[in-house]
Amino acid sequence: MVARPPLKVVIEAMRLEDLDEVQRIEEASFTTPWPPNAYRSELLTNRLASYLVARVDGRIAAYGGMWLMVDEAHITTFAVHPGWRRQRVGERLLLAFLDIAIEQRAHEATLEVRLSNLAARRLYEKYGFRPVGLRPHYYSDDHEDALIMTTLPLGDPQMRDRIALRRSELEAAPAPVAPEQGDA
């Protein structure tokens, strides 16, 4: 077995030329993926939206979207390619969204997540999201409920300390390692 070198994660704005890779991750991650034209429309017309990608070795490993509505940052979509999961790529992307929310003076961040998606729920809880409600039968594919999760106020000292702690942990964490061929 050949040791693979650690790789750097780069978070940047999603571009139209990213949409084919984004769609592949979308289809690998969700039973009811957004249609290909949805992201194109969001990028071209939604002035409330911020869409980001996480690139590792030049390839998209994760992506997400967030809308800023009045003073609430709402994460609308978030996915990590299966081959890059559990390597803290999603954490880096989530932290970037929280940074944008703070820069844009959002009061709080919120999202919906499947009740059964325990890995995602743990990630969001780690970054200060807490359950605040339920959307019954939210998902159209199987009518699973969505858990609504919201942060403390982003300006709250407890929330700022949590973000600072998570950022320092990420900076000290090992860099991701490329998955086996065919996984990414």
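This is a predicted model: local features need pLDDT of at least 70, side-chain atom pairs count only at pLDDT 80 or more; totals for chains, interfaces and linings use all residues.
Residues count from 1 along each chain as its sequence is written. Local features need pLDDT of at least 70, side-chain atom pairs count only at pLDDT 80 or more, totals for chains, interfaces and linings use all residues, and side-chain values use heavy atoms, without hydrogens and water.

**Exercise 1.** Find the order of the strands in the sheet.

Solution. Take strands as DSSP E runs of at least two residues, and helices as H or I runs of at least four, numbered from the N terminus. Two strands pair if DSSP finds at least two bridges between them. Seven strands then form an open, mixed sheet, ordered 1-2-3-4-5-7-6. Strand 1 (9-13) and strand 6 (129-135) are the edges; each has a single partner strand, so one side of each lacks a neighbour in the sheet. Strand 6 pairs with strand 7 in the antiparallel sense, over six bridges. There, F129 has T151 of strand 7 as its bridge partner.

**Exercise 2.** Identify the residues that touch the most other members of the largest nonpolar core.

Solution. Collect buried (under 20% relative accessible area; exposed is over 50%, partly exposed in between; 1.4 Å probe, protein chains only) Ala, Val, Leu, Ile, Met, Phe, Trp, Tyr and Cys residues, joined through side-chain atoms within 4.5 Å. The largest core has 38 residues; I75, F78, V89, L94, Y124 and F129 touch the most other members. Helix 3 gives the most, nine residues.
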